[in-house]
Amino acid sequence: MLARFRELQSYVGWTEDDARRVSHARPLLTPHLSDLIEDFYAEIERHPEARKVITGGEVQIHRLKGTLLGWITELLSGVYDEDYVTRRWRVGLKHVEIGLDQVYTNVALSRLRTGLSVRLETAWSGSCQELTQTMQSLDKLLDLDLAIIEDAYQYEYMSKLQRTERLATLGQVAGGIAHELRNPLNVVKTSVYYLLNARNPPQAKQLEHLGRIERNVESADAVISALSNFARMRTPSLSAVKLEPLIRRVLEDNPLSPSITAVVDCPAELLDAACDGEQLGIVLGNLVRNARDAMSEGGRLDIRARAGAGFVEIEVADEGVGIDPEILPHIMEPLYSTKARGLGLGLSIARSIIERNGGSIRAESVLGRGSVFTVRLVVASLEGGL
Ligand code: HEM
């Protein structure tokens with residue numbers, strides 16, 4: 001923290017002369033501080049959004065006035081060591097803790113800055129040049145303080161946000177998993193109950209229940225596989241990947257129903273993509289399975305690859321049911337699933353993987369006509385390697 005402060009000091013051109021000038025100004029400003037502090041809190045009183053963080057009434061305001069007096073006194077002390085920086089940093093932390101919007105600190109500091117300048121000018125008896133220099137030193141000091149408070153504010157605010165988001169996501173994931181696993185487990189439970197308790201069940205019934213158990217155990221397993229895919233996502237290892245063989249392999253691994261015709265269009269001269277081939281395979285597999293699910297009545301699945309300026313694109317287009325325009329912007333968000341089964345992780349995994357591979361993915365769709373998912377990746381360079 002001190003290193004950062006020193007770096008900021010050098011940025012604003014802070015020197016020992018500045019520190020000396022500020023401490024010379026201190027006796028001139030001290031008689032006016034209580035007046036400045038009254039003005040500071042009177043302004044807060046006039047702004048309900050700022051005022052609302054003061055929950056302890058007059059007693060707290062009285063205490064805060066003392067705190068601010070201490071803060072200004074230290075500001076003018078001329079000593080800017082590690083303890084000083086640590087205490088300044090704490091202001092930002094405290095403000096996040098109480099939920100004060102940083103803009104109020106900015107405007108309050110600006111008011112304080114004007115107040116200090118006006119009082120200094122009134123009390124000044126030296127030369128104009130010295131006054132200007134002292135004001136500049138004071139300005140630099142206030143800028144540094146604001147930078148530290150703001151830095152602390154950002155840091156603490158982001159950590160707080162991350163903590164809240166992490167908890168919210170955890171809750172969402174837990175709810176999603178519970179929901180996804182409860183259904184198949186309930187079916188298994190019912191069938192097991194039947195098999196254990198039915199008196200002389202006909203063989204056809206027994207087989208029907210065993211079949212149900214098998215299917216539902218498989219869907220529970222698919223939920224767990226989707227989750228572990230998500231958890232295992234490793235850092236991509238980029239290489240030059242030939243698209244056509246990869247697309248063909250993905251189609252082999254994800255068989256389509258006989259009513260779906262797959263057409264691959266990949267120009268022979270197409271440049272390789274710079275990506276992790278295995279991860280791109282996971283993404284294309286997801287897209288192919290989605291297309292297949294969207295075309296339960298059959299149709300045509302087109303996979304087209306083409307080159308642009310510095311990139312290659314792979315389009316996966318189906319003639320399926322399409323996606324509601326209201327849902328379309330959300331389909332790549334984690335846990336946003338509209339399928340009866342599926343945790344809504346497939347497309348969010350796809351997006352996350354493609355972004356980690358330095359690419360992007362977009363979706364277009366017309367309800368009742370079909371959807372097109374386009375993956376864009378950086379082209380592998382011609383000079384060998386990537
Ligand atoms: C120039 C701008 C400001 C400065 C320099 C400043 C300074 C401080 C300091 C030094 C603290 C004590 C931090 C600690 O506990 O270590 C503090 C806390 C606090 N500040 Fe500010 N502040 C500023 C703006 C504001 C504004 C605009 C409000 C709006 C109401 C505000 C409300 C508070 C409150 C409620 C606390 C908690 C104090 C307590 O423990 O009761 N501050 N501030």
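Guide: Let us go from the domains to the sheet, then to the ligand and a few single residues.

Guide: First, two notes on what you are looking at. This is a predicted model, in which local features need pLDDT of at least 70 and side-chain atom pairs count only at pLDDT 80 or more, while totals for chains, interfaces and linings use all residues. Residues are numbered from 1 along each chain as its sequence is written.

Visitor: Which domains does the chain have?

Guide: Domain bounds come from an automatic or database domain assignment. Here that assignment gives domain 1 (2-164), domain 2 (176-231) and domain 3 (239-378). The C-alpha centres of domain 1 and domain 3 are 54 Å apart.

Visitor: How do I read the sheet, and in what order do its strands come?

Guide: Helices (H or I, at least four residues) and strands (E, at least two) are DSSP runs, numbered from the N terminus. Two strands pair if DSSP finds at least two bridges between them. In this model five strands make an open sheet with mixed pairing, in the order E2-E4-E5-E7-E6. Strand E2 (260-265) and strand E6 (360-366) are at the edges; each has a single partner strand, so one side of each has no neighbour in the sheet. From one strand to the next the twist averages 15 degrees. For angles, axes are lines fitted to C-alpha atoms, for helices over the stretch in contact, and the values run from 0 to 180 degrees between N-to-C directions.

Visitor: How many bridges join E5 to E7?

Guide: Strand E5 (residues 311-317) and strand E7 (residues 370-378) run antiparallel and are joined by seven bridges. Ile 314 has Val 375 in E7 as its bridge partner, and Glu 313 has Arg 376. On its other pairing, E5 is antiparallel to E4 over six bridges, with Arg 304 opposite Glu 315 in E5. E4 and E5 form a hairpin with three residues between the strands, where Gly 310 has a positive phi near 85 degrees.

Visitor: What about E6 and E7?

Guide: E6 and E7 are antiparallel and share seven bridges. Ser 365 is opposite Ser 371 in E7. These two strands also form a hairpin with three residues between them, and Gly 368 in the turn has a positive phi of about 85 degrees.

Visitor: Which helices pack on the sheet, and which strands do they touch?

Guide: Two residues are in contact if their C-beta atoms, placed from the backbone, lie within 7 Å. Helix H10 (residues 243-253) lies across E2, strand E4 (299-307) and E5, at about 170 degrees to E2. Helix H12 (residues 346-356) packs on the sheet too, touching E6 and E7, and its direction makes about 140 degrees with that of E6.

Visitor: Which residues of E5 are on its covered face?

Guide: A residue is buried if 20 or more other C-beta atoms lie within 10 Å of its own, exposed if 12 or fewer, and partly exposed in between, with C-beta atoms placed from the backbone. Val 312, Ile 314 and Val 316 make up the covered face of E5, and Phe 311, Glu 313, Glu 315 and Ala 317 the uncovered one.

Visitor: Which residues come nearest to the ligand?

Guide: A residue is near a molecule or strand if its C-beta atom, placed from the backbone, lies within 6 Å of it. There are 21 residues around the ligand, and Arg 90, Lys 94, Tyr 104, Ala 108 and Leu 109 come nearest. Helix H5 (57-75), helix H6 (82-98) and helix H7 (102-123) each supply at least two residues of this shell, and H5 gives the most, with six. Ala, Val, Leu, Ile, Met, Phe, Trp, Tyr, Cys and Pro count as nonpolar, Asp, Glu, Lys and Arg as charged, and the others, Gly among them, as polar. By that rule the shell has 14 nonpolar, four polar and three charged residues.

Visitor: Why does Asn 200 count as exposed?

Guide: Asn 200 is exposed because it has 4 other C-beta atoms within 10 Å. Asn 200 is in the loop between helix H8 (128-197) and helix H9 (203-231), and has a positive phi of about 45 degrees although it is not a glycine.
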